Amino acid sequence: MSSRWFAPLNAPVNDWQGKRIWLIGASSGIGAALAQAFLALGANVVLSARRTERLELVAAQHANAIVLPFDVLDEQAWAAAQLHIRKHLGGLDLIMFCAAKYQPERSWEMERADIAQTLKINLNSVYEGICATLPDMLKQGSGGIAIIASVAGYVGLPNASVYGPSKAALINLAELLYCDLHGKKISVYLINPGFVKTELTKKNDFLMPALQTPEQAAAAIIQGMQKGQFEIHFPRRFTYFLKLLQIMPYRWRFSLFERFLNQQG
Ligand SMILES: NC(=O)c1ccc[n+]([C@@H]2O[C@H](COP(=O)([O-])OP(=O)(O)OC[C@H]3O[C@@H](n4cnc5c(N)ncnc54)[C@H](OP(=O)(O)O)[C@@H]3O)[C@@H](O)[C@H]2O)c1
């Protein structure tokens, strides 16, 4: 059989020294841990999110860090941020989307304003970032786009009423981006973490199986990129269970969920 079937889907990254990385959502959790790991590996990292003081704390003592705070909901800010990066770094090798909003809620608890804001932060902002950066990557003939979606996007999970569909859309987007951009030497990464202990999951009042630290998540993500993987999902003992739910007949899946929800009371 041709070795093409076993080749990594993206070009493996062996050396992060000097790589120009823009992290959106770098003030806490997985984004902050990724920023610290990439900075330690010698990459030039642009850190964005709304909380400037938190970004400055993450960037502290790293000459290779640029703090560039903005709100992803501000459409004008994207172009300004991109120009700032082009001026200071000359371009980008990787943009990583880590910003998200999550509110655990059943479908009867959803509110219109919250639905719109969650979809804008989780989904529209990724389109904004791609529109701002892809033209330059295409011109330079290299680059990378990494989208943090979630295993919550694999199947419709009760309690993830807005967050889950936003992540399902990101999975779909990453897949089609890969098909479009692979031939143009731009890597596309789909990152699907299980539960990670961050500000985002603090809101969960249920038991989170196989919970990881942000540092473990960052290490798994960087390792996956080094191997040139397209989908980076972890921890596998948990993510494979969710992948199984995807192919399970609906009748079985729904009855499992019903049992889980009854246990929660
Ligand atoms: N934790 C998990 O179990 C888990 C599991 C699967 C997937 N994920 C995904 O992993 C990514 C990181 O999440 P996390 O768990 O590390 O959560 P987190 O600690 O809450 O981080 C979210 C980041 O998004 C930024 N952000 C939110 N709204 C923003 C806005 N309007 N403009 C700019 N930045 C904004 C936050 O910064 P500011 O508040 O300073 O703006 C923060 O840096 C998210 O995409 C999340 O969906 C997490």
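1. Let's start with one glycine. Gly-164 touches Ala-152, Gly-153, Gly-156 and Leu-157, leaving aside residues up to four places away in sequence. Keep in mind as you read that this is a predicted model. Gly-164 sits in helix H5. Buried or exposed, then, is Gly-164? Gly-164 counts as buried because 20 other C-beta atoms lie within 10 Å, and the cut-off for buried is 20 or more. Have a look at Ile-148 as well: Gly-164 and Ile-148 are 16 residues apart in sequence, and their C-alpha atoms are 13 Å apart in space.

2. Next, follow H5 to its helix neighbour. Two packed helices are described by the angle between their axes and the distance between the axes. Here, helix H4 (residues 112–140) and helix H5 (residues 163–181) pack at an angle of about 5°, and their axes are 9 Å apart. That angle makes H4 roughly parallel to H5. On the H4 side, the contact is made by Thr-118, Leu-119, Asn-122, Leu-123 and Val-126; H5 brings Tyr-163, Ser-166, Ala-169, Leu-170 and Leu-173. Sorted by class, the residues of this contact are seven nonpolar, three polar and no charged.

3. How many of the residues of S6 are buried? Eight of the eight are, so S6 is largely enclosed by the rest of the structure. You can check both faces yourself: Ile-186, Val-188, Leu-190 and Asn-192 are on one side, while Ser-187, Tyr-189, Ile-191 and Pro-193 are on the other. In a regular strand the side chains alternate between the two faces of the sheet.

4. Now the whole sheet. Strands of a sheet pair through backbone hydrogen bonds, either parallel or antiparallel.

5. Three bridges join strand S4 (residues 94–97) to strand S5 (residues 143–148), with Met-96 opposite Ala-146 in S5. S5 is also joined to S6, by six bridges, and there the bridge partner of Ala-146 is Tyr-189. Both of these pairs run parallel.

6. Over to strand S2 (residues 44–48), which is mostly covered, with five of its five residues buried. Asn-44, Val-46 and Ser-48 point one way, and Val-45 and Leu-47 point the other way. Strand S1 (residues 20–24) runs parallel to S2 and is joined to S2 by five bridges; Ile-24 is the residue opposite Ser-48.

7. Last, the ligand. How many residues surround the ligand? There are 28, and the closest are Gly-25, Gly-29, Arg-50, Ala-100 and Thr-198. The largest share of this shell, three residues, comes from helix H1 (residues 29–40). By class, the shell has 14 nonpolar, eight polar and six charged residues.

Notes:
Residues numbered from 1 in each chain as written. Predicted model: local features only at pLDDT ≥ 70, side-chain atom pairs only at ≥ 80, totals over all residues. Near = placed C-beta within 6 Å. Helix = DSSP H or I, 4+ residues; strand = E, 2+ residues; numbered from the N terminus. Nonpolar A, V, L, I, M, F, W, Y, C, P; charged D, E, K, R; others polar. Axes fitted to C-alpha atoms, helices over the stretch in contact; angles between N-to-C directions. Parallel < 35°, antiparallel > 145°, perpendicular 65-115°, else oblique. Contact = placed C-beta atoms within 7 Å. Buried ≥ 20, exposed ≤ 12 C-beta atoms within 10 Å, placed from the backbone. Pairing = 2+ DSSP bridges.
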